[in-house]
Amino acid sequence: MDSQTASLFSIFLSGVLLTLIAGFYCILTSTNLIRVLIGLEVLTKGVMLLIIVAGSIVGRMALAQALAITMIIIEVAVIVVAVGIVLCVHKYSGSVDTRLLRNIKG
Amino acid sequence: MNNLDVMLLVALVASAVITVMTARLLHSAIALALTSAVLTILMFRLNAPLAGVFELSVCAGLIPAILISTISLTRRLTPEALETRRKELLRRFWYLPVIVLLAGIALALVRVPLDFPAPPPAAVGSVREVLWNLRHLDLVGQIVILLGGAFGVAVLVKEAKDG
Amino acid sequence: MLPLFILAPLAVLLLFNLPMHRPTQRPTWWAALLLSVSQAVGVTVAPVSFWGQSTVLERFFAFGLTMDGLSRVLLLTIGLVVAAALLVGRQTVTMRDRQGGFTSLVVIAMIGMNGTVLLSDLFSLYVFIEITSVSSFVLVAMNRDPDGLEGAFKYLILSAVATILMIGSVALLLLVSGSTGFGAVASALKGSGHAAIPRIAVGAFVCGLLIKGGLVPFHGWLPAAYSAAPAPVSVLLAGVATKASGIYALVRLTTSVFTSSASLNETLLLVGTVSIVVGAVAALTQTDMKRLLAYSSISQVGYIVLGLGCGSELGIAGAVFHLFNHAVFKSLLFVNSAAVERRLGTTDMNRMGGLGSRMPLTSITSAIATLSTAGIPPLAGFWSKLIIVLALWRGQHYAYAGIAVLFSVVTLAYLLGMHRRVFFGKTPQELLEIREADWGLVLPAVALAVITVAVGLLIPLVFNTFLLPVGGIL
């Protein structure tokens with residue numbers, strides 16, 4: 001792997017890692033269920049960029065795009081189910097505070 | 001060429017940080033859409049137009065719409081406590097830009113070792129549509145998971161009648 | 001023939017949900033039951049070569065599926081546990097409207113699991129594990145009670161984090177190998193030696209799978225989800241959903257794709273041991289029946305991973321055998337807890353006692369499951385634990401072998417304690433009217449108990465037809 005692609009990859013990898021840090025931070029410190037979902041979304045953006053960059057370096061753009069599109073569709077299904085759960089929580093307890101969920105020790 | 005990419009990456013990270021840090025959920029959802037838009041531009045620059053279009057329509061359109069409707073349905077009942085919330089959130093979240101800056105500096109100094117042999121050149125260098133013939137299983141998987149999402153929502157949201 | 005395992009459940013799903021009017025729920029349930037039972041029977045009776053033959057299906061659906069001894073054991077397990085879960089669900093899912101949704105979601109989970117054990121591509125692995133996970137989230141939250149919703153949300157978030165790790169790993173492996181198929185990635189990993197990025201990718205993927213499988217220290221979601229889920233969902237989750245996705249993937253990948261490192265085996269040995277210890281110790285202090293069983297699951301999965309970490313043929317055969325056995329006896333225990341819960345309305349063991357004379361079949365099958373879990377001969381659990389301990393001994397991991405044997409005793413202790421608290425002793429006043437559970441809850445219990453006894457007694461036959469082919473995948 002020549003050094004020019006190496007430096008290109010390093011730059012993109014740094015961007016991905018910083019995005020992932022933001023996403024993980026959001027999930028760990030949120031007190032609102034919906035904000036946790038937003039953090040999840042940010043994480044997904046990060047890894048999607050990683051897939052596209054990897055595909056671009058290796059020259060497999062068609063495969064990388066197919067993977068990215070599949071990922072987007074799966075992400076939609078997960079978010080839809082998560083929103084359904086959050087709405088049920090809200091209907092039951094009137095609030096979407098994560099601190100309420102810590103009641104039951106895991 | 002490279003400078004534009006670096007600026008786009010900085011914009012991506014910045015909008016991600018803004019998404020996490022804003023006090024109001026509504027602003028957070030809009031910032032998420034903005035992050036998706038920046039990602040779409042990056043995808044176009046990396047020669048992934050179809051994925052970019054998908055990303056824009058779904059992650060900058062559909063998902064923020066879903067999130068915003070959820071937010072409006074679960075509105076907090078204390079609109080006047082917004083100021084105190086903002087201060088509280090700022091106190092909790094101000095760590096993030098600091099962490100990101102430090103990590104960014106650290107990453108800029110580290111060189112990623114790419115000391116493995118490059119993979120063989122692409123046997124199939126053709127258009128996306130041709131590739132879709134090779135990933136039937138993923139297609140079926142997508143259909144099934146969409147069905148799963150549909151059934152899931154139906155089960156969770158529908159009012160139950162006793163039987 | 002192999003696409004049938006994915007297309008048949010899908011056909012059932014679409015066929016029985018298309019008609020717009022209501023009365024399709026009982027037929028859907030019967031169709032799903034028929035599907036899972038015929039899968040279990042068909043996989044046992046017909047050899048791998050029969051299923052692997054090319055038919056007209058392969059011409060239209062180029063799925064690239066393969067089946068070997070390991071997949072066969074998993075398919076049998078999936079069929080058995082899905083059938084048990086459906087039977088339990090018929091009795092316990094009382095809301096008439098939810099029966100159809102429940103059955104459909106179970107069928108979707110089955111599609112996900114069947115696909116997972118037959119495919120040979122890293123990204124498709126992620127897709128089908130997600131299918132199982134998404135249907136599991138909804139199933140855990142199905143009753144919309146606060147505990148269930150919380151369990152489902154925790155499960156969702158941790159599972160999504162695991163997904164992120166897995167996809168990041170797939171991206172890095174794409175960089176290294178230019179593909180996502182098992183074969184291509186395996187050869188690329190062999191050729192890359194000790195480079196940093198491939199090893200990070202492997203580590204990330206394994207971490208993701210450990211989260212999905214509920215191993216320590218990533219087990220945070222498991223007790224909440226297992227105990228808060230409705231009874232049939234607990235059966236499905238504990239029996240097969242986490243096993244067929246996370247643990248199977250771990251077995252498949254460590255044997256076929258990630259074979260390079262010894263540090264991976266060391267990590268697995270350590271994680272397995274810690275899981276055994278933490279799960280068993282936590283189970284000793286529980287007063288809720290389902291939560292105790294959940295921690296017991298964590299402990300038993302630790303045994304499976306311990307066998308996997310040996311790296312030898314014997315260890316892997318033992319691990320897969322224990323996976324099957326665990327599915328059988330853990331599902332059995334959860335079916336029993338469903339029966340108790342149905343009659344009593346609670347799973348708090350402080351309020352139970354003396355149910356043995358009133359629920360004889362439940363009590364006997366629970367005793368059989370307890371003995372099998374603890375590894376008492378001649379039941380099936382004894383043989384799988386013996387094989388794992390032997391593999392550890394041969395691999396000179398004497399300390400791990402000792403811990404494995406020691407905590408077998410602890411397992412016996414907490415399970416016997418549970419059995420005693422529930423089925424022996426004095427009956428509290430309000431429970432004097434309790435009768436045995438309905439046939440729908442007794443039938444799967446008896447069937448699973450018979451299986452675990454039979455497998456234990458017929459161990460030579462089982463060894464030749466099932467285990468040696470599995471060991472041969474190395």
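The radius of gyration used here is taken over C-alpha atoms, and the globule rule is 2.2 Å times the number of residues to the power 0.38. The model on screen is a predicted one.

**Stop 1: chain C as a whole**

Select chain C and colour by secondary structure. Its 474 residues would give a compact globule a radius of gyration near 23 Å; the value for chain C is 21 Å, which agrees. The C-alpha trace spans about 70 × 60 × 45 Å along its principal axes. Of the 474 residues, 62% are buried. Among contacts in chain C with a separation of 6 or more, 81% join residues 24 or more positions apart.

**Stop 2: helices H5 and H12 of chain C**

Now show side chains at the contact. From H5(C), the residues include C:Leu74, C:Ile78, C:Val81, C:Ala85 and C:Val88. From H12(C), they include C:Val235, C:Leu236, C:Val240, C:Ala244 and C:Tyr248. C:Arg252 of H12(C) also takes part. Sorted by class, this contact has 16 nonpolar, 4 polar and 1 charged residues.

**Stop 3: C:Ala241**

Is C:Ala241 buried or exposed? Residues with 20 or more other C-beta atoms within 10 Å count as buried; C:Ala241 has 28, so C:Ala241 is buried. To see what surrounds this residue, select C:Ala109, C:Met113, C:Thr132, C:Ser136 and C:Leu236, its contacts once neighbours within four places in sequence are set aside. A distance label can also be drawn to C:Val81: the two C-alpha atoms are 9.2 Å apart, although 160 residues separate them along the chain.

**Stop 4: helices H13 and H14 of chain C**

Next select helix H13, residues 262–284, and helix H14, residues 289–310, both in chain C. The two axes come within 7 Å and cross at roughly 160°, so H13(C) and H14(C) are roughly antiparallel to each other. The crossing is left-handed here too. The contact between H13(C) and H14(C) has 16 nonpolar and 9 polar residues, and no charged ones.

**Stop 5: two loops of chain C**

Go to C:Pro217, in the loop between helix H10 (196–213) and helix H11 (222–228). Show the backbone: the peptide bond from C:Val216 to C:Pro217 is cis, with omega near 5°.

Then move to C:Gln396, in the loop between helix H17 (380–394) and helix H18 (398–423). Its phi is near 65°, a positive value in a residue other than glycine. Exposed residues are those with 12 or fewer other C-beta atoms within 10 Å; C:Gln396 has 9 and is therefore exposed.

**Stop 6: chain A**

Hide chain C and select chain A. This chain has 4 helices and 0 strands, and reads α-α-α-α along the sequence. Of its 106 residues, 68% count as buried. Residues 24 or more positions apart supply 47% of the contacts in chain A with a separation of 6 or more.

**Stop 7: chain B against chain A**

**Stop 8: B:Asn47**

Finish in chain B at B:Asn47, in the loop between H2 and H3. Phi of B:Asn47 is near 70°, which is positive in a residue other than glycine. B:Asn47 has 14 other C-beta atoms within 10 Å and is therefore partly exposed.

Technical notes
Residues numbered from 1 in each chain as written. Chains lettered and ligands numbered in written order. Predicted model: local features only at pLDDT ≥ 70, side-chain atom pairs only at ≥ 80, totals over all residues. Contact = placed C-beta atoms within 7 Å. Axes fitted to C-alpha atoms, helices over the stretch in contact; angles between N-to-C directions. Parallel < 35°, antiparallel > 145°, perpendicular 65-115°, else oblique. Left-handed = near helix turned anticlockwise from the far one by under 90°. Nonpolar A, V, L, I, M, F, W, Y, C, P; charged D, E, K, R; others polar.
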